[in-house]
Amino acid sequence: MRDTDVQAASPSNSGHRVHRAAAKNRHRSRRAAIRPRRLAWLVPILAVLASLALSYGAYQLAGYSWDQVVSYESPYTGIGGQVQAATAAPVQRTVVVLIDGLRDDASRLMPSISALRARGADVRLTIGQPSLSYPSWTAALTGAPQQISGVTTNWFEGPVAVETLFDSAAKAGRTIVVTGPDDLDAMFGVSVITPHVALTPWSETEYTSGWLVDETLRLDAEAGGADFVFVLLPDVDQAGHDFGGESDEYEATVANVDADLARLIDGLDDGATTFVVLPDHGHIATGGHGGWEDPVIHTFAAFAGPGVAHVSTDAELMDVAPTVAMLAGLPAPRQALGTAIDAVLENPDTDARAAEAERASAVTRDYIATVLPDAASPDGEGAIPASQLAAQREAADAERLEAERAQRLPVFIGIIAAVAALAVAIAVMSWRALIAALFGSAVAVAIYNGLFFLAHGLHWSLSAFNEEDLIQAFFNQRMLEAAIAALVGCLVAAVVYAGLRRELRGPQSGYLAGWLALGSATVLLAQAALVVQAGVFIWQWGPSVSWVLPDFRAAFKYDLDLIQLTALGAAALIGPVLTAIVGWLHPRARRFARSA
Ligand SMILES: [Zn+2]
């Protein structure tokens, strides 16, 4: 069998004594050798260009996909339009307190919240993704999750396009008090809705909950007893970011906020006031949120006061706003996808309850009609049972996703075919090089993931970066590690290749192009593995975000895959040099060069 290996692909003899034995035929063979020699140089050059193209494309795609999530424009802000706004019921004074970043387990140590649970409802909540503050505040105040409200990150620039409890209360002519970070104004325009507001910039250094409680009590007195009070306390979240969700400092801040919350409840409770206390999300032990970790997404809402049943139950964050509306005697916010939590309502007005069931059903029908615009309108006019609402929406999502995935499948098959063609092309040039490059790229993948999962203890989760200003450093570190892992992979590939040859001819023996190509092939195969993984995501969710938010665990992995692909562009320039150096320094290659 003819030797078609890396070494044979570069039968150069110029300036070397390698082919002295063939000196007799030099005249004849030199002409014949020109073409293959040039072709041999073409391989590493084309491979590096391919790597750089992949790197640049991945960089562009990473920016695009990030932007697609951050700048997502919800097509659902018009849903709920046909719903007849239920006439407001008699005023039921209601106080909603949102404690940013309060973990469920920490809330169980707060006497003020325990007292509410003891006489009211203890609701275990699940929140949506991404589990960031702006999206969760919006879900709590509107009943519209991220996909509906369009608020997907904390970079959202208000005002939100869906109706809030503030809007409902204002339309019903209620007196409203709002206190908290001034983000509430940019997001929900609260100071336009009511004159009774006290807002302060989010402080990373000062404890503000005491002042906010003072202001709430003052404004409530000024309003002569407000109908609807909303307070957002930021300090627990700040402690979570600074010290972690299981730290002593976090616990100490929770205790301070507990004392202020007790003061607030004492000051506002006239025996006829309904209280609702909930967080927007929790915190991981090391601090941070945004992802899907249990202490981040499994939160709570405590309800107490007139009309609240003594119960323990489960619900979604988006069910809170319709429940609050029902308790307060307000129409639910128009786009609320959630529905009032039946178990929490004690002896409710059956008409109001029926109206809420109709409303939630109409919103779900509008949602389905937006997801599947060509489908016949969903059957029936009456109320869909609350237990069926999510299942009907999920069925519509699944139907559209299935159709879109079928359309994208050829692209994915094309990616697989291109990767297979790459492997075949390398094998045709040198099966030893293919084995060595596969080995090297596998080592690169193992090193990168070993660092990511084992050394750093990271997951595919937005909670990985605790603060927004750490995002760039996080991605830079992943890129550096991906590049280093690939370079180690190149060294391994060179050693494996040497081990596969009986007679080892190094770059000094005229095989420089082949040794460079080995490094290029290793980086290219590592990139190919990432391209396949990114291809799976694109097949599943598509490159753009227009009607459904992707699974954010998969989306985070996709972004990381693209970031690694980008970093491997640098490895594509350095890796071939490393394989050539290994070839040059390898004892057997040196021995061959001396003996030739
Ligand atoms: Zn936070």
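The zinc ion is held by the protein donors Asp237 (OD), Asp237 (OD), His241 (NE2) and His289 (NE2), which lie 2.1 to 2.4 Å from it; donors are N, O and S atoms within 2.8 Å of the metal (3.2 Å for Na, K and Ca), and water is not among the atoms, so sites may look incomplete. The model is a predicted one, in which local features need pLDDT of at least 70 and side-chain atom pairs count only at pLDDT 80 or more, while totals for chains, interfaces and linings use all residues. Residues are numbered from 1 along each chain as its sequence is written, and side-chain values use heavy atoms, with hydrogens and water left out.

The four donor atoms of the zinc ion make angles of 55 to 153°, and the site is irregular. Four donors count as tetrahedral if all angles lie between 85 and 135 degrees; four count as square planar and six as octahedral if opposite donors are over 155 degrees apart and all others between 65 and 115, and anything else is irregular. Along the sequence, the donor residues follow the spacing D-x3-H-x47-H. Histidine 241 belongs to helix H10 (residues 235-243) and histidine 289 to the loop between strand S6 (274-278) and helix H12 (294-297), so the pair ties together parts that are 48 residues apart in sequence; helices (H or I, at least four residues) and strands (E, at least two) are DSSP runs numbered from the N terminus. Histidine 241 is buried, at a relative accessible area of 12%, and histidine 289 is buried as well, at 5%, where buried means under 20% relative accessible area, exposed over 50% and partly exposed in between (1.4 Å probe, protein chains only).

In the loop between helix H18 (512-541) and helix H19 (552-585) lies valine 548, which is buried with a relative accessible area of 13%. Not counting residues up to four places away in sequence, valine 548 touches Gln147, Leu401 and Trp541, contact meaning heavy atoms within 4.5 Å.

The structure holds one cavity of 30 Å³ or more, and the largest cavity has a volume of about 40 Å³. On a 1 Å grid over the protein atoms alone, a cavity is a set of points where a 1.4 Å probe fits but cannot get out, and lining residues have an atom within 4 Å of a point; grid points are joined across faces, edges and corners, and a volume is the space filled by probe spheres set on the points. The lining of the largest cavity includes Val96, Leu141 and Phe230.

Notes:
1 Å grid on protein atoms, 1.4 Å probe; cavity = no way out; pocket = protein on both sides within 12 Å on 5 of 7 lines; lining within 4 Å.
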